[in-house]
Amino acid sequence: MCGIVAYIGKKRAAPVLLDGLKKLEYRGYDCAGVALLFDGKLEVFKRQGRVEALEPARTLAGNAGIGHTRWATHGAPSERNAHPHRYGRICLVHNGIIENADALRRECLARGERFSSDTDSEVAAHLIDGLYQEENDLLRAVRRACGRLSGSYAFAVLCEGREEVVCARMRSPLIVAKGEDGAFAASDIGAVAAPGRQGCVLEDGEFARLTREGAEVFDAHLHPVRRTFFSLGDEEALPGKGEYPHFMRKEIAEAPSAIEKTLFEAEKHINSQLCEVLCQTEYLDIVACGTAYHSGLCFQYAAERIAHIRTEVFSASEYRDLQPVAMPHTLTIAVSQSGETADTLAAAQAAKARGCRVLAVTNVARSSLERAADFVLPTRAGREVAVAATKSFQAQLAALYVLCTQLAKGRNLPAPSLAGLAVLAAETLARSAAVEAWVPLFCEARSVFFLGRGADRCAALEGSLKLKEISYLPSEGYAAGELKHGTLALVDGRTPVVAVVCDEALADRTMNAVHEVYARGAPVFLVTPFEALARAREVTACALIPRCDPAFSPMLSVIPLQLLAYHVALACGNDPDKPRNLAKSVTVE
Ligand code: M6R
C-alpha cells in the first residue's frame with residue numbers, strides 16, 4: 001500500500017514526482033505529499049485526499065525530490081499524517097509498517113524530541129536525523145537506522161544540503177531506475193518506466209543511492225552490489241483508460257484477451273521440471289487473498305473434479321497461524337495479481353519453510369512473489385489499475401485451469417478443452433449489457449445475497465465481493481444449500497438475490513433456494529445459460545450467458561456480476577476505480 005516515488009537529475013523534480021504519483025495512486029489515495037530539495041533547502045507540500053490536490057506543487061523548484069501517496073495504517077488520513085515526514089535535516093517517505101515504532105517513539109520523546117504526526121513512519125526520520133549528526137553520511141545513517149527497525153519498509157530519504165536520495169527496502173517493494181535524465185526510485189515500475197530507462201528491483205536488506213550521475217545499489221553491509229538493470233520500455237508503463245470512462249470498465253472488457261493470452265502463456269510455462277513435480281504431487285494447497293482466493297476456490301472445484309486431486313484453499317492471512325499439517329508431496333500454489341500482497345507472500349514463505357514447493361500464479365513479472373517461488377505460471381492480463389480485480393480473476397482461472405488439465409493428463413484422466421473460452425467470454429460480455437437495468441432494485445437494497453452451488457458458489461462469492469467493494473452495499477455470497485440454516489432470516493422484499501446456475505446437474509437444487517427466497521418476497525436475478533430457467537415465474541430478470549463446461553463456468557458467469565457491481569457503484573455515486581478505504585496492492589499484513 002502507499003506509493004513512493006523519488007527523483008534526482010536534470011529535470012525539475014516536481015512534475016516527475018506528480019506524474020509518477022498519479023500512476024501509483026492505485027496503491028492508496030488517502031493523502032499525498034512531495035518534498036523538493038532546492039539550493040540545499042527542503043520544501044514540503046502535503047494535502048489530504050488525492051494526488052490531484054498536489055497540483056499547486058508542480059511549479060516548485062528543485063531537481064531532487066520525493067513523493068508519496070498514502071493508504072493510512074497508523075494515524076488518520078489527514079494532512080498532518082501525510083508523507084513526507086520531516087525531522088531536523090531529514091525528510092522521508094515510507095511504505096510499510098514499523099512494528100516497534102511505539103518503543104522507538106518513547107525513546108525519542110524521552111530525549112525531548114517532538115512529533116508532528118501520529119504515524120509510525122516519522123520515528124524513522126527522527127532516528128536518521130540523530131544518526132546523521134554522528135555519521136555525516138546519509139547512506140550510513142539510513143543503514144544504522146534501519147538496523148533498529150522491525151517490520152516492513154521501503155524508504156526514500158532526503159537530507160538538507162545533500163544532493164542525493166537514499167533508499168532502503170525490507171519486505172516492501174521498491175525499484176530503482178536510471179536514464180539519461182536522472183535516477184529514480186518507485187514502488188512500481190510503471191511510475192518511472194519510459195523508453196531509454198533501465199531499472200532493477202531492490203532486494204530485502206538492500207540500499208540504494210540516487211545521484212545526478214545514476215543509481216548505486218548496496219548490500220546490508222553497504223558493499224556495492226552489481227546489478228543487471230533491465231530495460232523499462234513502454235510496455236512497463238501503466239496504461240490509460242482509452243475510450244472508457246473508468247479503468248474498471250475497460251478492464252472488464254479486456255477479459256477475453258487476458259484469457260487468450262494467459263492460456264497461451266501458461267501452456268508454455270509448464271516445462272518438464274514442473275511436469276515432474278506435478279506428477280509427484282498428491283496434495284494441492286492454495287494460498288491467496290480476496291479475489292485471488294476466489295480463483296483458488298474455483299480451481300479447487302476443477303482440480304478435485306477433473307484431476308481427482310485433493311485441494312485445500314487457505315486465506316493467506318490465516319495460513320501461517322493455522323499451521324496446517326504438512327502432508328508429503330504437497331504443492332503450494334500462491335495466487336496474486338500484484339505478486340506483492342504481504343499475506344500471500346508470507347504464506348508462500350511459510351509453505352517453503354515447511355518443505356513444500358511453491359508455484360506462483362501472478363500478473364506482475366519480477367514481483368516479490370515471483371522471485372520467492374520455485375515455479376511461476378504468469379497471467380497475462382496486462383496491467384490492472386482499478387482496485388476491484390476483474391480481468392485478473394479470469395486470467396488466474398485461465399492459468400489454473402491449464403494447470404488442472406495438465407494434472408489430469410499426468411494421471412491419465414480426460415479433461416475438457418479450454419479452447420474457445422476467450423471467444424465465449426467475449427460473447428458473454430456482449431450479452432451482459434442487460435444487467436444495467438437491474439441497478440435500481442440494488443440501489444434501494446438493504447443487503448444483497450449471491451447464491452450458487454459447486455463452481456457457481458465460487459462465482460457467487462466473487463460477485464458479492466465485487467459488489468460490496470465498490471458499491472458499499474452489505475452483500476454476501478452463499479452456498480445455495482446453506483441459506484436456510486440461518487441466513488434466510490435476513491431475506492425480505494428489500495434483499496435482492498442473485499443466483500448463479502451454470503451446472504445443469506445442480507440447477508434444480510439451486511432453484512430450490514430461489515423458490516425459498518422468492519417466497520419471502522426477494523427479487524431474484526439469474527445468471528445462467530439455461531433459457532428455461534430464465535422463464536421461471538420467480539425470476540425478476542436474467543443474464544443469459546453462453547454454455548461451457550460447468551467446472552470452468554465461473555470464467556463466464558462472473559462477467560455479468562462484475563458489470564452489475566460497476567453499474568451499481570456508478571448509480572450510488574461512487575468512483576468504481578478507487579473505492580473508499582481500499583488500495584490495489586496490500587503490501588502490509
Ligand atoms: O494482488 P492480489 O491478487 O494478491 O490481491 C489480493 C486482494 O487484495 C484483491 O484481490 C482484492 O480482494 C481485490 N480488491 C478484490 O477486487
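User: What do buried, exposed and partly exposed mean here?
Analyst: Buried stands for under 20% relative accessible area, exposed for over 50%, and partly exposed for values in between (1.4 Å probe, protein chains only). The model is predicted, so local features need pLDDT of at least 70 and side-chain atom pairs pLDDT 80 or more, while totals for chains, interfaces and linings use all residues. Residues are numbered from 1 along each chain as its sequence is written, and side-chain values use heavy atoms, without hydrogens or water.

User: Let us apply that. Is Arg171 buried or partly exposed?
Analyst: Arg171 counts as partly exposed, because its relative accessibility is 49%.

User: Where is the place of Arg171?
Analyst: Arg171 belongs to the loop that runs between strand 8 (165–170) and strand 9 (175–179). Helices (H or I, at least four residues) and strands (E, at least two) are DSSP runs, numbered from the N terminus.

User: What is the phi of Arg171?
Analyst: Arg171 has a positive phi of about 55°, although this residue is not a glycine. Leu222 also is a residue other than glycine with a positive phi, in its case near 65°.

User: Where is Leu222 found, then? And is Leu222 buried or exposed?
Analyst: Leu222 sits in the loop between strand 13 (214–218) and strand 14 (224–225). Its relative accessible area is 16%, so Leu222 is buried.

User: On to peptide bonds. Which residues does a cis peptide bond join?
Analyst: His83 and Pro84 are joined by a cis peptide bond, with omega at about 0°. Pro84 lies in the loop between strand 4 (64–70) and strand 5 (85–87).

User: Now the ligand. How many residues surround the ligand?
Analyst: The ligand is surrounded by 15 residues, each with a heavy atom within 4 Å of it. The closest are Ser336, Gln337, Ser338, Thr341 and Glu469.

User: Which atoms lie 2.7 Å from an oxygen atom of the ligand?
Analyst: A polar backbone atom of Gln337 is 2.7 Å from an oxygen atom of the ligand. An N or O atom in the side chain of Ser338 is also 2.7 Å from a ligand oxygen atom. These are polar contacts (N or O pairs within 3.5 Å; within protein, one atom must be able to donate a hydrogen and the other to accept it, and residues adjacent in sequence count only if both atoms are side-chain atoms).

User: What about a nitrogen atom of the ligand?
Analyst: A ligand nitrogen atom is 2.5 Å from an N or O atom in the side chain of Glu469.

User: Which elements give two or more residues to the shell around the ligand?
Analyst: Those elements are helix 8 (290–306) and helix 15 (455–471).

User: Change of topic: how many residues has helix 12?
Analyst: Helix 12 has 20 residues, 391–410, and spans 29 Å from its first C-alpha to its last. That is close to the 28 Å expected at 1.5 Å a residue, where the expected span is 1.5 Å times one less than the number of residues.

User: Why is helix 12 said to be largely enclosed?
Analyst: The rest of the structure largely encloses helix 12, because 18 of its 20 residues are buried.

User: What comes just after helix 12?
Analyst: Asn412, just after the helix, takes a positive phi of about 55°.

User: Next, Thr495. Which residues does its side chain contact?
Analyst: The side chain of Thr495 reaches the backbone oxygen of Leu490 at 3.4 Å. Its side chain also makes a polar contact of 2.9 Å with the side chain of Asp492. Thr495 is in the loop between strand 22 (475–479) and strand 23 (497–500), and with a relative accessible area of 0% it is buried.

User: Strand 22 has come up. What is the place of Glu476?
Analyst: Glu476 is in strand 22. At 35% relative accessibility, Glu476 counts as partly exposed. Glu476 and Arg535 are 59 residues apart along the chain, and 25 Å separates their C-alpha atoms.
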